[in-house]
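Subject: Structure handover and what was found in it

Dear colleague,

I am passing on the structure we spoke about, and below it you will find an account of what turned up when it was examined. Please keep it open beside the text as you read.

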Amino acid sequence: MPSSPSSPYSPSSPDSPDSPDRSAVVDRLRAAGCVFAEDEAELLIAAAPTATALDALIGRRAAGEPLEHVLGWAEFRGLRITLEPGVFVPRRRTEFLVRQALALGHQAEEDRTPVVVDLCCGSGAVGAALAVALERVELHAADVDPVAVRCARRNLAAALRNGRGSGTYGPYEVPETYAPGDTYEALKAPEAYAPRPPHKPYAVYEGDLYAPLPATLRGRVDILAANVPYVPTDEVALLPSEAREHEPRTALDGGADGLDVLRRVAAEAAQWLAPGGCLLVETSERQAAEAVEVMRAGGLGVRVKRSEELYATVVIGARLRSPDRSPETMPEPEAVPERPAE
Ligand SMILES: C[S@@+](CC[C@H](N)C(=O)[O-])C[C@H]1O[C@@H](n2cnc3c(N)ncnc32)[C@H](O)[C@@H]1O
């Protein structure tokens, strides 16, 4: 459930001529089957600038659109992720995949800028959360769906502009000790006068899995986060109508056993990962054993992590530095706080 945003429209203000009847909103939502009608009413009221707009939002929600599509955003690890209708809504359980990826990213950033790829990025929520939390990062994100790519571009631009590095090169840095005419010092330490490299450069590509990624990424990826579609085809019909009717089938359907896209990702992963780099995917608990085999077949050392609290299963495959591919030689993700510090 997204937390309440601030809005210039304050319907609860007693002197607002547009002040809606909050309990009437709750009643309409409850009648439409919204379990969290009170929370949703608060969010919709805060999002609507006028009574007419509020009526339209309630109508869309009552007709079964996901709350996040109606609001135009979802909360993910404390970030507000912009969503257009038809784009996969980032799930809370995927924060567990981010936590695992962050632990590995923090290890990598001890001696270099980690290279992170958010494959099947959807709205870009996973990449944005990783990029914000890491001190340094080179981030690449890709998805086959042009609407998702548009959202990911907006979300990464917003997340990385927010005082945490940008996608552009910074200005030339002139050391404080510089004095006009001090060319000798400049020649002695040219690196001090060179343009500073971007702190958190990023790019978003559109296309099928690895196809749109630059070839220069081959063998350099430290974190390959791939929240691929993993619902078995026969089970798509059993999903809640919010997902079935409002999220694209390409975001959900993972083929007969749900692992078809993972098979394609795992088959090529070792070519893109740096030595010690890791592929992280989310699966259902039931699929985890087969997903392990799929990753092993791709030449990776594999480990499974579970969160009882978030009902989340993450399978992590590492391109090991040594020929020994036993999971014991894998980098161990350390504990990462469930939510980022406020
Ligand atoms: C389960 S959603 C995950 C989205 C996002 N990573 C998240 O966690 O919110 C799967 C995403 O994979 C994308 N996708 C499916 N098949 C793909 C393919 N062959 N190449 C690239 N992206 C694909 C879908 O468009 C969708 O955005």
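This is a predicted model: local features need pLDDT of at least 70, side-chain atom pairs count only at pLDDT 80 or more; totals for chains, interfaces and linings use all residues.

Is aspartate 234 buried or exposed? Aspartate 234 has 11 C-beta neighbours inside 10 Å, and because a residue with 12 or fewer counts as exposed, that is how this one is classed. Its C-alpha atom is separated by 9.3 Å from that of glycine 258, although aspartate 234 and glycine 258 are 24 residues apart along the chain.

Turning to the chain as a whole, the protein has 14 helices and 9 strands, and 40% of its 342 residues count as buried. If you take the contacts between residues at least 6 apart in sequence, you will find that 68% of them join residues at least 24 apart.

Two packed helices are described by the angle between their axes and the distance between the axes. Helix 1 (residues 22–31) and helix 2 (residues 37–47) pack at an angle of about 120°, with their axes 9 Å apart, and these two helices are therefore oblique to each other. Helix 1 passes helix 2 in a right-handed crossing, and the contact is made by Arg22, Val25, Val26, Leu29 and Arg30 on the side of helix 1, and by Ala37, Glu38, Glu40, Ala41, Leu44 and Ile45 on the side of helix 2.

Helix 2 also packs with helix 3 (residues 51–62), here at an angle of about 140° and with the axes 9 Å apart, which makes helix 2 oblique to helix 3. This crossing of helix 2 and helix 3 is right-handed, and in the contact Glu40, Leu44, Ile45 and Ala47 of helix 2 meet Leu54, Leu57, Ile58 and Arg61 of helix 3. Within helix 2, the residues Glu40, Ala41, Leu43, Leu44 and Ile45 are buried, and the buried residues of helix 2 pack against helix 1, helix 3 and helix 4 (67–71).

How are helix 13 and helix 14 oriented to each other? The axes of helix 13 (residues 260–272) and helix 14 (residues 288–297) come within 8 Å and cross at roughly 30°, so helix 13 and helix 14 are roughly parallel to each other. Their crossing is right-handed, and the contact is made by Leu262, Arg263 and Ala266 of helix 13 together with Ala291, Val294, Met295 and Ala297 of helix 14.

Terms used:
Residues are numbered from 1 along each chain as its sequence is written. Axes are lines fitted to C-alpha atoms, for helices over the stretch in contact, and angles run from 0 to 180 degrees between N-to-C directions. Helices (H or I, at least four residues) and strands (E, at least two) are DSSP runs, numbered from the N terminus. Angles under 35 degrees count as roughly parallel, over 145 as roughly antiparallel, 65 to 115 as roughly perpendicular and the rest as oblique. A crossing is left-handed if the near helix is turned anticlockwise from the far one by less than a right angle, and right-handed if clockwise. Two residues are in contact if their C-beta atoms, placed from the backbone, lie within 7 Å. A residue is buried if 20 or more other C-beta atoms lie within 10 Å of its own, exposed if 12 or fewer, and partly exposed in between; C-beta atoms are placed from the backbone.
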